[in-house]
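I keep these entries as a record of what I looked up in one structure. They are set down in the order in which I consulted it.

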Amino acid sequence: MRILGIDPGLQTTGFGVIDVDGHRLAYVASGTIRTTGIALGDLPGRLKLLFDGISEVASRYQPDTSAVEIVFVNVNPQSTLLLGQARGAALTALVNAGLPVAEYTALQMKKAMTGHGRAAKSQIQEMVRRLLQLPGLPGTDAADALGLAITHAHAGAAMTKMAEVTQLQRRQHAVYKGGRVY
């Protein structure tokens, strides 16, 4: 199975592609999509660049599934709204490519990668390097995206097995006004 991980950001979106064969993980590709060449005030242009970039990555590497980071509210509401729009462009590109999308929080990914949810970026980079046997450290955004793909490689299989035994239920304590589950 081939998994595409996406770490959404308005200025820099990380992507990482891995192959999974049982418990064996293999690095395929990673990188970033940068919108810094487009004027800060041109939000639609930046979102189009993200959509096109993720669509190109999906077309080039032909993943079977994808994993995207869930964004939480930050201190600055305007930044959160902009990041949410970048995430929406990423989700739309993945769904447009016909990919199923799994979603994980940064805390879930960090806990899966390092054993604790407050891991530093450097710790994620090092664990990704070790797990995928890379010769050097990937960039921080690409490492987060690869970490999401690795998390899905491990958690996705467990979730599928649990779903075969019993119907998975939504967590009611995390529902915001009957909306999205986080």
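**Entry 1. Helix α2**

How many residues does helix α2 have, and what distance does it reach from its first C-alpha to its last? I found 20 residues, numbered 77-96, and a reach of 28 Å, close to the 28 Å expected at 1.5 Å a residue. The expected span is 1.5 Å times one less than the number of residues. Helices (H or I, at least four residues) and strands (E, at least two) are DSSP runs, numbered from the N terminus.

I noted that the model is a predicted one, in which local features need pLDDT of at least 70 and side-chain atom pairs count only at pLDDT 80 or more, while totals for chains, interfaces and linings use all residues. Residues are numbered from 1 along each chain as its sequence is written, and side-chain values use heavy atoms, with hydrogens and water left out.

I then looked at the two ends. At the start of α2, a side-chain oxygen of N76 comes to within 2.9 Å of the backbone nitrogen of Q78. Just after the helix, G98 has a positive phi of about 80 degrees.

Which residues of α2 are buried? I listed T80, L83, A86, R87, A89, A90, L91, A93 and L94. Buried means under 20% relative accessible area, exposed over 50%, and partly exposed in between (1.4 Å probe, protein chains only). An α-helix has 3.6 residues a turn, so residues three or four places apart point the same way. The cover over the buried residues of α2 includes β1 (2-7), α1 (43-61), β4 (65-70) and β5 (101-105).

L50 is buried, at a relative accessible area of 0%. Leaving aside neighbours within four places in sequence, L50 is in contact (heavy atoms within 4.5 Å) with G9, L10, T13, I33, T35, A86 and A89. I also checked L50 against A90: the two are 40 residues apart along the chain, and their C-alpha atoms are separated by 6.6 Å.

Is β4 largely enclosed or open? I found that 6 of the 6 residues of β4 are buried, so the strand is largely enclosed by the rest of the structure.

Two strands pair if DSSP finds at least two bridges between them. β1 and β4 run parallel and are joined by 4 bridges; L4 stands opposite S66 in β4. β4 also pairs with β5 in the parallel sense, over 5 bridges, and the bridge partner of I70 in β5 is T105.

**Entry 2. The annotated positions**

Which residues does UniProt list for "active site"? The unreviewed entry gives D7, E69 and D141. They span 135 residues in sequence, yet no two of their C-alpha atoms are more than 11.3 Å apart, so they gather at one spot. The lining of the second largest pocket includes D7, E69 and D141. On a 1 Å grid over the protein atoms alone, a pocket is an open set of points where a 1.4 Å probe fits, with protein on both sides within 12 Å along at least five of seven lines; lining residues have an atom within 4 Å of a point. I kept in mind that UniProt annotations may be inferred rather than shown by experiment.

I took the residues in turn, leaving aside in each case neighbours within four places in sequence.

- D7 is found in strand β1 and counts as buried at 6% relative accessibility. D7 touches T12, T13, G14, E69, D141, D144, A145 and L148.
- E69 has its place in strand β4 and is buried, at 15% relative accessible area. The contacts of E69 are I6, D7, P8, R87, Y104, T105, A106 and L148.
- D141 is found in helix α5 (residues 140-165). D141 is in contact with D7, T12, G14 and T32.

D144 is in contact with D7, M109, K121 and I124.

**Entry 3. The whole protein**

I closed with the overall layout. The protein has 5 helices and 5 strands, in the order β-β-β-α-β-α-β-α-α-α from the N terminus on. Of its 182 residues, 42% are buried. Among contacts with a separation of 6 or more, 56% are between residues 24 or more positions apart.

Definitions and conventions: A polar contact is a pair of N or O atoms within 3.5 Å; within protein, one must be able to donate a hydrogen and the other to accept it, and residues adjacent in sequence count only if both atoms are side-chain atoms.
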